[in-house]
Amino acid sequence: ICELGYQYTLTGNYTQAYQIYQKAAATDENASEPLYGMIYCRIKQDLLEETEQQLDFLKDVEGGNQKTAFHAFLEAMLAWKSAGKLNEACDLLSEALTLHIAETKKLPFGFEFYIKLNSAFLLELAKEYL
């Protein structure tokens, strides 16, 4: 179900993607992927009121000090859109890129490598830098 939500985000249909991610979250309450998707959709829609608390909650649930590349990316988007903190956003984008490359390097070169590389994410990261 999350893949369908992701496909909607790629087309820019964040409202539909959010609804799909909600269904995915209801299906598997322990999965963090739909929650990240919901937060991403809300940030892209400029609905920032509760997103910071939701992101902090996810960080606590996932172990606190073990941040993913997408988590750092969402923090960067939030820092820029909600508070206009350019330096913090750039630092978080750099952290997201570093984490993403580190995760990708763990895989042997092949099909899984390209899936994990996720060129759409890298393009989005580059757009946020601009």
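Helix axes here are lines fitted to C-alpha atoms over the stretch in contact, with angles from 0 to 180 degrees between N-to-C directions. This is a predicted model, where local features need pLDDT of at least 70, side-chain atom pairs count only at pLDDT 80 or more, and totals for chains, interfaces and linings use all residues. Residues are numbered from 1 along each chain as its sequence is written, and side-chain values use heavy atoms, without hydrogens and water.

**Helix pairs**
- Helices α3 (residues 33-44) and α4 (residues 51-61) have axes that come within 10 Å and cross at roughly 155°.
- Helices are DSSP runs (H or I, at least four residues), numbered from the N terminus.
- α3 and α4 are therefore roughly antiparallel (angles over 145 degrees).
- Their crossing is left-handed: the near helix is turned anticlockwise from the far one by less than a right angle.
- For α5 (residues 69-83) and α6, the axes come within 8 Å and cross at roughly 165°.
- α5 and α6 are therefore also roughly antiparallel, and α5 passes α6 in a left-handed crossing.

**Surface**
- Leu 97, Ile 101 and Tyr 129 form a nonpolar surface patch with about 210 Å² of accessible area together.
- Patch residues have over 30% relative accessible area and no salt bridge, and nonpolar side chains (Val, Leu, Ile, Met, Phe, Trp, Tyr) are joined within 5 Å.
- A salt bridge is a side-chain nitrogen of Lys or Arg within 4 Å of a carboxyl oxygen of Asp or Glu.
- Accessible areas come from the Shrake-Rupley method with a 1.4 Å probe, and for residues only the protein chains shown count as cover.
- Leu 97 lies in helix α6 (residues 86-105).
- Leu 97 is partly exposed, at 31% relative accessible area (between under 20%, buried, and over 50%, exposed).

**Gln 16**
- Gln 16 lies in helix α2 (residues 14-27) and is partly exposed, at 26%.
- Gln 16 and Leu 4 are 12 residues apart in sequence and 9.7 Å apart in space, C-alpha to C-alpha.

Conventions: Patch = residues over 30% accessible without salt bridge, like charges linked within 9 Å, V, L, I, M, F, W, Y side chains within 5 Å. Helix = DSSP H or I, 4+ residues; strand = E, 2+ residues; numbered from the N terminus. Buried < 20%, exposed > 50% of the residue type's maximum accessible area, 1.4 Å probe, protein only. Parallel < 35°, antiparallel > 145°, perpendicular 65-115°, else oblique.
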